[in-house]
Structure formats: C-alpha cells, structure tokens
Amino acid sequence: MKSALKTIALAAAIGLAAVSGAAAQQVRVGFAAEPYPPFTSPDASGNWEGWEVDFMKAMCAEAKLDCVITPVAWDGIIPALTSNKIDAIIGSMSITAERLETIDFSDKYYNTPTGVIGPKGVAFDATPEGLKGKTIGVQVATIHQVYANKYFGENGATVKEYQTQDEANNDLAAGRVDAVQADSIALDAFLSSEQGAACCEKKGNVKDDPDILGLGVGVGLRKGDTELKDKINAAIKAIRANGTYDEFSKKYFDFDVYGG
C-alpha cells in the first residue's frame with residue numbers, strides 16, 4: 001500500500017513539474033529586422049543585442065513569459081501583429097493616436113526627444129526655418145516621417161524616405177541629404193560611431209508634437225489582448241521599482257531613459 005502511495009505521489013509530482021515547466025506563455029516578440037542601435041542590433045552570429053533586448057529579457061522574466069524574438073520588416077510589423085504572426089512589438093514604437101486606432105499598447109517603457117543631425121560646419125537648426133530648402137532623411141513608416149512631412153515638407157524642405165535608419169545615416173555621411181531626423185538616442189549612437197563622428201553633428205531637437213511624436217514608447221499589442229497587456233504592464237512597473245531597469249540601462253545611458 002505504501003509502495004502504491006509512493007508511486008502515486010511520485011507520478012503526481014512529475015505531473016506537477018511538467019505542468020510547471022509548461023506554464024510559461026510563449027510570446028512571439030516582433031523586432032524590426034533592421035539594426036537600430038543602441039536599442040536592437042544583430043551581432044556577427046545573428047544574436048540580437050541592445051537596450052531593448054535587455055529590456056525584453058528583464059520584462060519577460062518578471063512576467064514569466066517565454067519570449068521569442070521574431071524579426072519583421074519595420075513597415076510590415078503592425079500587419080504582422082494584427083494577423084497573428086507575432087504577439088507583441090518591441091521596436092521603439094511610439095504610442096500615437098493613429099496607431100491606437102489599429103493596435104493597443106502597454107504603458108510606456110521609455111521616452112526620449114526627437115533630434116536632427118547634419119554635416120559639421122553647416123549652420124542650421126531643427127526648425128522649419130532652419131531646414132527650409134534642405135533635404136532631410138527619415139525612416140519610412142515612422143513618426144519621424146509624419147512629423148518631417150508636416151513641419152518641414154510643408155515649409156520648403158524635401159523629405160526623403162528610407163527603409164532603414166542606417167540608409168538615411170549613410171546618405172547623410174555621403175552628402176546625399178542635408179539632415180536626418182530620428183530618435184535622439186539613435187542619432188547619438190550614430191554620432192558616436194567612427195563614421196558619424198567624422199561627418200556630422202547634432203543640430204538640435206524638434207519642437208514636440210505629442211499628437212505625432214506620441215506619449216513615449218510602448219509594447220505594441222493586439223486589441224483585446226488584455227491578459228498579456230496586464231502581465232506586461234505589471235512587469236514594467238516591477239522592474240522599474242526593483243532596480244532591474246536602472247541596472248541594465250546604465251550599460252547604455254548616463255541618464256534615465258524612461259523620461260518624464
């Protein structure tokens with residue numbers, strides 16, 4: 001009898017272990033397939049690294065989610081989410097009213113200004129007046145494309161669109177555009193590179209427009225996926241409170257990227 005009971009208890013323990021091992025919900029996290037340092041970039045072996053990779057790992061560990069990076073071309077990343085090819089987007093995607101018509105977002109997990117860079121020794125600022133008559137490069141399907149078209153394109157600048165931020169930066173370094181607009185941290189990363197340091201400098205931050213530039217960056221989610229949204233929001237709050245967020249962030253930044 002005792003032997004039988006031990007067998008039953010052992011089987012129950014194994015069953016519980018199996019259930020526990022399978023408990024982590026798998027989440028296919030869409031990353032833009034293009035490098036976007038210092039947030040996301042594949043290394044020489046194809047492994048992803050960067051601040052948002054560290055954020056994802058910390059958030060998913062806290063939420064007990066099995067997160068799998070799924071690279072998707074940036075201009076197709078929202079359709080990939082809405083068609084169930086991925087379950088979430090972590091790609092420096094700003095929370096905007098236009099995007100909220102199609103998808104949902106978590107609470108913000110960082111918020112930084114939008115900047116403009118240009119050639120060294122050429123004086124202009126990040127205003128419609130400063131960029132009048134100039135060609136400004138932006139990444140397609142971004143808030144920067146929308147902003148540049150409204151504030152600069154309608155005031156005498158030419159807006160040139162690129163599939164990736166790297167392409168825009170390379171054309172600036174080669175003199176094929178006069179300026180580039182993007183997230184200030186992404187631009188700082190370029191200016192810190194050998195190529196960027198040799199050619200270019202910061203011209204300033206653009207005037208904020210929350211309707212276009214959004215209210216910070218959040219995790220993109222399908223509408224109605226409230227269970228996953230609640231888990232992610234709780235995890236973001238927890239890693240901010242327990243110091244994990246600050247710990248991995250200090251490897252990249254000397255200020256609080258979370259913003260106001």
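**Labels and their grounds**

Reply: Asp54 touches Phe248, Lys251 and Tyr252, leaving out residues up to four places away in sequence. The model is predicted.

Me: Where does Asp54 sit?
Reply: Asp54 lies in helix 2, residues 51-63.

Me: Why is Asp54 called buried?
Reply: The relative accessible area of Asp54 is 15%. Buried means under 20%. Asp54 is therefore buried.

Me: What makes the link between the side chains of Asp54 and Lys251 a polar contact?
Reply: The distance is 2.8 Å. The cut-off for such a pair of N or O atoms is within 3.5 Å. The pair of Asp54 and Lys251 therefore counts.

Me: Which distance goes with the side chains of Asp54 and Tyr252?
Reply: Their polar contact is 2.9 Å.

Me: How many disulfides does the structure hold?
Reply: It holds 2 disulfides. With the bonded cysteines numbered in sequence order, the pairing is 1-2, 3-4.

Me: What makes Cys60 and Cys67 a disulfide?
Reply: Their S to S distance is 2.0 Å. The sulfur atoms must lie within 2.5 Å. The pair therefore qualifies.

Me: Why is the disulfide of Cys60 and Cys67 called left-handed?
Reply: The torsion about its S-S bond is about -85 degrees, so the disulfide is left-handed. Both Cys60 and Cys67 are buried.

Me: How do you know that Cys199 and Cys200 are joined?
Reply: Their S to S distance is 2.1 Å. The limit is within 2.5 Å, so this is a disulfide. The torsion about the S-S bond of Cys199 and Cys200 is about -95 degrees, so this disulfide is left-handed.

Me: Are Cys199 and Cys200 buried or exposed?
Reply: Cys199 has a relative accessible area of 17%. Cys200 has 4%. Both values are under 20%, so Cys199 and Cys200 are buried.

Me: Which residues of helix 7 are buried?
Reply: In helix 7, residues 165-173, they are Gln165, Ala168, Asn169, Asp171 and Leu172.

Me: What do the buried residues of helix 7 pack against?
Reply: Their partners include strand 7 (114-119), strand 8 (135-139) and helix 8 (184-192).

Me: Which residue with a positive phi follows helix 7?
Reply: Gly175 does, with phi near 80 degrees.

Conventions: Residues numbered from 1 in each chain as written. Predicted model: local features only at pLDDT ≥ 70, side-chain atom pairs only at ≥ 80, totals over all residues. Heavy atoms only, no water. Buried < 20%, exposed > 50% of the residue type's maximum accessible area, 1.4 Å probe, protein only. Helix = DSSP H or I, 4+ residues; strand = E, 2+ residues; numbered from the N terminus. Contact = heavy atoms within 4.5 Å. Polar contact = N/O pair within 3.5 Å; in protein donor to acceptor, adjacent residues only side chain to side chain.
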